[in-house]
Amino acid sequence: MWWRPWLAACLAWGCAAALCASRGLCPAPNASRAEPGQCPRPRGVTELCGWALSSDSLLDPFPIDVIQENYVRNVRNCIFSVVYPTPFKSRVRLVAVSKEVLENILDLDISVKGTSDFLEFVSGGRVILGSVPLAHRYGGHQFGSWAGQLGDGRAHLLGVYTNRHGERWELQLKGSGKTPYSRNGDGRAVLRSSVREFLCSEAMHYLGIPTSRAASLVVSDDDVWRDQFYNGNIKKERGAIVLRLAKSWFRIGSLEILTHSGELDLQRRLLDFIIQEHFPSIPMYDSNRYLEFFSTVVSETANLIALWMSVGFAHGVCNTDNFSLLSITIDYGPFGFMDAYDPNFVPNTSDDERRYKIGNQANVGLFNLSKLLQALKPLLDPRQQQLASQILEGYGEHYYSRFTELFKAKLGLLGMNQNDNYLIAFLLKMMEDTKADFTMTFRELSEITEDQLRELHIPEEFWALQDLGKHKLFSEWVTMYLLRLKGNKGDSDMKRRTRMTTVNPRYILRNWMAESAVQKANLNDFSEVHLLEHILQHPFQRQKAAEQAGYSLHPPAWAKDLKVSCSS
């Protein structure tokens, strides 16, 4: 590769100077320059038992930002800017690691977490051999309006790791310092939000929902100032960094920014790269490859949002810059899992218009896909544009078909019945009326016997069903449900309950659980972070430690007053 001779120098210098010089990318004489020291210089290169990353596949296909200094600006004609993480100034402490991510994805023994090299790497203090850290340029529609250039304002894409299974993973630090896309931000993330992202990334994976992963969480003693609820009450918090992984970090906004900037050649190159790397079933020689790509993203986005709904998950900030082109869950911010079932549930207090309430996520998905189509249109001929519009019109059918399939499984229903949609809607309406707990209602239906239901004998331990049972139409719904279960050919009550417990979790990352872990972490007690990390690896299995912690009980009264916002 053209830049390999300069890689060692680039890494040793600790900034992009060598790489930029090798490509003739030094700033023009009249370009604005950063103040001295503004390009952060990590303290050298580290190596983890021969383990290395590669930035080749991200650097080679695309032009790099021509200005090497790290200052906020409008960036054009590139996909990435080369920019190094800014190390913390104070002591750094490793809070948590995901053993499964380290060992099964990154091929590292868990013992590596005890080394200083590992701590330096995951905290942005040193780069790994082969890494050229990058910040990605993208735009997006935020709360329905075009927001212009956004980009990785506090994240650094460290490189690509291909593991022993042949899987390609992109490693990114979040909270690791300023980039050209930081806008008015300080490039940092606080412990509060980082704990939530670390835990939820892993929890979603074990729930079976496509998601980015979290490898580690570190905290520093650096002061980071935040107005958590945008009410003028600025408080000092501690800076933290999450090392997170995804097959790709490209999102709808990655393509939008290029269309809005008229950089269609670059957009075509990026789109071809994404298809070749991540959509192997689409032939690169196919003149309809962009149409096939769009069709896949439409159906997979519908699937993802239906999966969110099946576990009561609200993302909180469904902007196009937070929607992955690979249809995985990314960018965990003011998310929330519903306690009481409420289609108007909004986890994000910053969402004044309730645009991203849980019941509107499917509609927002359609809006975001329409913006993706708008970005793709310059690359499509008139016939393809018409076909793409027809594909988009089929989104609703994709979504409702998958939603119905998932909720039928949650109720243990087999086969087809024309009344299944009504049975599901009937239950959800009763849950809404009685404010029954979403997660535990379905879980308890998985555990209660048909005989207990038939007799309307709800044991005290089934507290969510007891709440639901207060509805005047509960007995009518139970009669319909039991009659429908008789239509499950070759089924038994034991088989039904076993089947349902594999799709209805007993434990989710409720806001009050995350908040409890955060409050302890603020006092340097990370025991609940570790407890939740362990329990949420097995969300469908009853666990003694989880029961003792009250994670399957009615949420405490104070949970109703919890708030989360975009401040992180």
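Predicted model: local features only at pLDDT ≥ 70, side-chain atom pairs only at ≥ 80, totals over all residues.
Local features need pLDDT of at least 70, side-chain atom pairs count only at pLDDT 80 or more, and totals for chains, interfaces and linings use all residues. Residues are numbered from 1 along each chain as its sequence is written, and side-chain values use heavy atoms, with hydrogens and water left out.

The second largest pocket has a volume of about 770 Å³. A pocket here is an open set of points on a 1 Å grid over the protein atoms alone, where a 1.4 Å probe fits, with protein on both sides within 12 Å along at least five of seven lines. Volume is the space filled by probe spheres set on the points, which are joined across faces, edges and corners. The lining comprises 29 residues, each with an atom within 4 Å of a point. Asp339, Ala340, Phe345, Ala559 and Lys560 lie nearest the centre. By class, 15 lining residues are nonpolar, five are polar and nine are charged. Ala, Val, Leu, Ile, Met, Phe, Trp, Tyr, Cys and Pro count as nonpolar, Asp, Glu, Lys and Arg as charged, and the others, Gly among them, as polar.

Aspartate 437 sits in the loop between helix H13 (420-434) and helix H14 (438-447). Helices are DSSP runs (H or I, at least four residues), as are strands (E, at least two), numbered from the N terminus. Aspartate 437 counts as buried because its relative accessibility is 3%. Buried means under 20% relative accessible area, exposed over 50%, and partly exposed in between (1.4 Å probe, protein chains only). Its contacts (heavy atoms within 4.5 Å) include Asp339, Ala340, Trp463 and Arg510.

The structure holds 38 salt bridges. Each places a side-chain nitrogen of Lys or Arg within 4 Å of a carboxyl oxygen of Asp or Glu. Arginine 137 pairs with glutamate 263, with the closest N and O atoms 2.7 Å apart. Arginine 137 lies in the loop between strands E5 (134-136) and E6 (139-142), and glutamate 263 in the loop between helices H7 (252-260) and H8 (264-278), so the pair ties together parts 126 residues apart in sequence. Both arginine 137 and glutamate 263 are buried.

Aspartate 467 and lysine 470 meet at 3.8 Å, N to O. Aspartate 467 is buried at 18%, whereas lysine 470 is exposed at 67%. Aspartate 491 bridges to arginine 499 at 2.9 Å. Aspartate 491 is partly exposed at 24%, and arginine 499 is partly exposed at 26%. A network of salt bridges links Glu450, Asp451, Arg454, Asp493, Arg496 and Arg497.

Key. Lists of a residue's contacts leave out its neighbours within four places in sequence.
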